[in-house]
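Here's a quick walk through a protein model, written for someone who likes to know the cut-offs. Have a look at the structure, then read on.

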Amino acid sequence: MIDAGPDADADRTWCLAEVDIFCDLSEPEMEAIAAAAPMKTYAAGEMLYTPAQPCEVLFILKRGRVRIFRVSTDGRALTTAIISPGTIFGEMVLLGQRMYDSYAEAIDDAVVCVMSRADVHRFLLADARIAARITEILGRRLADLEQRLSDSVFKSVAQRIATTLITLTTAQPPAGPLRPGARHPQIALTHEQLAALAGTSRETCTKVLRDLADRHLIRLARGRITVLDPERLEDASG
């Protein structure tokens with residue numbers, strides 16, 4: 001983990017401007033929050049927090065993706081959320097969400113803004129506009145978690161892998177002037193990372209991916225999966 005330098009003030013403000021919950025704040029309001037939310041970077045595979053090392057902070061994800069998961073006593077992992085850029089996660093006890101017993105792992109090299117518990121009270125919960133949007137985010141995340149739990153029980157491994165690919169594709173930032181859209185969406189993941197997200201072994205994941213590639217639903221490359229036919233892939237997800 002690396003703290004950003006003092007010359008990153010403008011970048012911090014941009015980080016917050018990209019987050020939906022801050023969309024209608026004035027520039028002075030944005031600067032005040034940016035000053036209270038220093039940026040940190042995490043390498044792919046690095047843990048932002050674990051049950052053994054919890055921290056009472058709120059993370060605002062600027063770049064990369066983060067996987068939130070829990071581990072059973074027999075070593076099985078359940079992914080409870082995949083966090084995409086422009087949203088929040090972490091310790092939000094007053095909002096009904098705790099990160100104890102959970103792990104947060106950077107799927108890619110990630111950049112986050114970090115806000116302390118006291119500053120969450122001061123800048124976020126005290127503002128009715130922001131508090132309402134945070135409530136909406138937590139509501140959507142609860143619905144996503146219920147769907148993941150349902151998938152883990154009722155879907156086959158192949159369906160879970162296809163579902164995970166669809167989820168990662170739809171979670172990508174929309175195309176814009178600074179990010180032209182590709183003809184086919186691409187997902188930067190290894191087979192091992194995808195297996196962890198889908199709750200299966202790497203060997204089984206590789207077998208399923210090869211089958212999807214043989215059916216021309218996806219194209220495989222080293223560390224990258226290209227979705228060729230999203231509609232048929234969604235059918236394959238059950």
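## Ground rules

A polar contact here is a pair of N or O atoms within 3.5 Å; within protein, one must be able to donate a hydrogen and the other to accept it, and residues adjacent in sequence count only if both atoms are side-chain atoms. This is a predicted model, where local features need pLDDT of at least 70 and side-chain atom pairs count only at pLDDT 80 or more, while totals for chains, interfaces and linings use all residues. Residues are numbered from 1 along each chain as its sequence is written, and side-chain values use heavy atoms, with hydrogens and water left out.

## Thr 169 and its surroundings

With that in hand, take Thr 169: its side chain reaches the backbone oxygen of Leu 165 at 2.8 Å. Thr 169 sits in helix H5, residues 157–170 (helices are DSSP runs of H or I with at least four residues, strands are runs of E with at least two, both numbered from the N terminus).

Thr 169 counts as buried because its relative accessible area is 16% (buried means under 20%, exposed over 50%, partly exposed in between, with a 1.4 Å probe and protein chains only). Setting aside neighbours within four places in sequence, Thr 169 is in contact with Pro 185, Ile 187 and Val 227, contact meaning heavy atoms within 4.5 Å.

## A three-stranded sheet

An open, antiparallel sheet runs in the order E10-E12-E11. At its edges are E10 (186–187) and E11 (218–221), each pairing on one side only. Two strands pair if DSSP finds at least two bridges between them, and E10 is joined to E12 (residues 224–227) by two. Gln 186 has Thr 226 in E12 as its bridge partner.

## Cysteines

How many disulfides are there? The count is zero, a disulfide being a pair of cysteine sulfur atoms within 2.5 Å. Cys 113 is buried, at a relative accessible area of 0%, and Cys 205 is buried with 0% as well.

The protein chain has eight helices and 12 strands, and 41% of its 238 residues are buried. Among contacts with a separation of 6 or more, 69% link residues 24 or more positions apart.

Average pLDDT (the predictor's confidence in each residue, from 0 to 100) is 81, and 83% of the residues score at least 70. Confidence is highest in helix H7 (residues 202–214), with a mean of 95, and lowest in strand E1 (residues 2–3), at 50. Over residues 174–181 pLDDT stays under 50, and the model has five contacts beyond four places in sequence for them.
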